[in-house]
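The sequence and the structure come first.

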Amino acid sequence: IVKNSTSLTELDLSDNNMSSVPPELGLLEANLQVLKLDGNPFRSIRRAILEGGTKAILKYLKDKIVDYCVSLHEGALAGFVCIISGLMNWERTEM
């Protein structure tokens with residue numbers, strides 16, 4: 001869904017009883033100007049990040065992709081390869 005939403009400028013996910021947000025939303029950082037998450041019982045995002053607004057949340061989510069790849073592959077170099085591979089696949093599907 002995220003891959004097909006790169007021109008999305010506003011996303012309202014308020015009051016959906018969500019406990020987490022997919023880190024892939026961080027890839028929409030370039031165009032997504034408004035991300036509404038009010039009324040969800042988040043456990044994984046600190047209140048300070050949520051209060052920082054859309055840009056802070058998207059940066060947090062984008063950083064989570066990096067953290068996931070590094071932990072999945074147990075090392076920075078392998079994690080970097082995971083990230084680059086994912087971005088290459090992302091760009092290929094956008095063309």
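## Basis

The model is predicted, with local features requiring pLDDT of at least 70 and side-chain atom pairs pLDDT 80 or more, while totals for chains, interfaces and linings use all residues. Residues are numbered from 1 along each chain as its sequence is written, and side-chain values use heavy atoms, leaving out hydrogens and water.

## The second largest pocket

The second largest pocket holds about 210 Å³ of space, and 13 residues line it, with Leu-37, Asp-38, Phe-42, Leu-50 and Ile-57 lying nearest its centre. Strand 2 (34-36), helix 1 and helix 2 are the elements that give two or more residues to this lining. By class, the lining has six nonpolar, four polar and three charged residues.

## Ser-14

Ser-14 sits in the loop between strand 1 (10-12) and strand 2, and its side chain makes a polar contact (N or O atoms within 3.5 Å, one able to donate a hydrogen and the other to accept it) with the side chain of Asp-12, at 2.8 Å. Apart from neighbours within four places in sequence, Ser-14 is in contact with Lys-36, Leu-37, Asp-38 and Asn-40, where contact means heavy atoms within 4.5 Å.

## Gly-53

Gly-53 is placed in the loop between helix 1 (47-51) and helix 2 (54-72). Its relative accessible area is 23%, which makes Gly-53 partly exposed, a class that lies between buried (under 20%) and exposed (over 50%) for a 1.4 Å probe and protein chains only. The C-alpha atoms of Gly-53 and Val-34 are 8.3 Å apart, although 19 residues separate the two along the chain.

How values were computed:
Helix = DSSP H or I, 4+ residues; strand = E, 2+ residues; numbered from the N terminus. 1 Å grid on protein atoms, 1.4 Å probe; cavity = no way out; pocket = protein on both sides within 12 Å on 5 of 7 lines; lining within 4 Å. Points joined across faces, edges and corners; volume = space filled by probe spheres on them. Nonpolar A, V, L, I, M, F, W, Y, C, P; charged D, E, K, R; others polar.
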